[in-house]
Amino acid sequence: MAIPVIIDCDPGTDDAVALLLALASPELSVLAVTVVGGNVGLRQTLPNALALVALANAAVPVHAGADRPLLGQFTSEKRVHGADGLGGVVLPPGGPAAPGVAADAIRTILRTHPEPVTLIGIGPATNLALALVTEPALAARVSQIVLMSGAWGEGNVTPAAEFNAWSDPEALAILLASGRPLVFATLDLTAQALVTPARLAAWRALGNGRCLLAACDIQASVAPLPRFGGQGGALGTPLHDPCAVAWLIRPDLFTARACSVRMDLGPGPGRGRTVIDRWDRTGDPPNATVLETLDANGFFALLGHRLAHLP
């Protein structure tokens, strides 16, 4: 049976591919898409999510959520995703947002759905945290929480922190304290999912459906990063968010380790760091599953196959 999921996102170039992958996958039953300000502001992420759901011909409600973190100020990442979040790729506009704010929609689904629901978080965790902290008993209706967040090594927005975790570390701390199974696709994992010219060319060769072409154009807009370089220059850019979705569909593509994870909530340079104890140095009991390795060729083959079967 399909896994019932809510996808909380901030599209975002990599969110776009993650959403399309989820909507193309019969292993998942997408109950709702909730949207947060993250890669760009909510004024862009909400219409982006609506456009992507419409592009896939999916009858899935899309709810607007938080436009800022629980504490502090909102900060976007337009250097990677462009001012509009999709690298300047213009999609046909989607329909209207569903009524109600994201946290309310999440709570309603958790209360009423006959089965426990998996929460997929591929942006700052504000919406998910608001839903659970305002009605903690609903955590029992959460099967698991799968996140693209954090890093055990170097961050990508500060030396210590990954962007989603840094954007709202208090929200992520709430999820870690919820008592539900958590799965982390960290930067260290997603660095193994490099979009290269050869992989984009392989996708384009699979057909001319509008979703596939949009995914290719969106990813082509993201410049290769020197951090992922080889001899002669950058090799590609990591495709972060689809890793979280792919783990639910094809866990055989990944290896994983049970770890203790806690958040650095301090005001100093470590703020937003996910302190991941992969080698049991602290003796703290594991509270999360951390994905460690990825079969990248299998991952990109899965993405291409699913994207090619969308309209």
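In the predicted model, glutamine 44 touches Ala83 and Asp84, residues up to four places away in sequence not being counted. Glutamine 44 belongs to helix α2, which spans residues 42-55. With a relative accessible area of 28%, the residue is partly exposed. Between the C-alpha atoms of glutamine 44 and aspartate 67 there is a separation of 11 Å, the two residues being 23 positions apart along the chain.

Nine strands are arranged as an open sheet with mixed pairing, in the order β3-β2-β1-β4-β5-β6-β13-β11-β12. Strands of a sheet pair through backbone hydrogen bonds, in either a parallel or an antiparallel manner. The antiparallel arrangement is found for strands β11 (residues 254-263) and β13 (residues 288-294), which are joined by six bridges. Within this part of the sheet, alanine 258 stands opposite threonine 289 of β13. Helix α7, comprising residues 169-176, lies across β5 (142-148), β6 (182-185), β11 and β12. The direction of helix α7 is at about 110° to that of β11.

Threonine 118 is located in strand β4, which covers residues 117-121. This threonine is buried, its relative accessible area being 1%. When residues up to four places away in sequence are left out, the contacts of threonine 118 are Ile3, Pro4, Val5, Ile6, Ser143, Gln144, Val146 and Leu248.

A disulfide is a covalent bond linking the sulfur atoms of two cysteines. A search of the whole structure returned zero disulfides. Cysteine 211 takes part in no disulfide, and the nearest cysteine sulfur, belonging to cysteine 216, is 11 Å away. Cysteine 211 is buried, with a relative accessible area of 0%. Cysteine 243 is likewise in no disulfide; here the nearest cysteine sulfur is that of cysteine 9, at 16 Å. For cysteine 243, too, the relative accessible area is 0%, and the residue is buried.

Note on methods:
Residues are numbered from 1 along each chain as its sequence is written. This is a predicted model: local features need pLDDT of at least 70, side-chain atom pairs count only at pLDDT 80 or more; totals for chains, interfaces and linings use all residues. Side-chain values use heavy atoms; hydrogens and water are left out. A disulfide is a pair of cysteine sulfur atoms within 2.5 Å. Buried means under 20% relative accessible area, exposed over 50%, partly exposed in between (1.4 Å probe, protein chains only). Helices (H or I, at least four residues) and strands (E, at least two) are DSSP runs, numbered from the N terminus. Contact means heavy atoms within 4.5 Å. Two strands pair if DSSP finds at least two bridges between them. Axes are lines fitted to C-alpha atoms, for helices over the stretch in contact, and angles run from 0 to 180 degrees between N-to-C directions.
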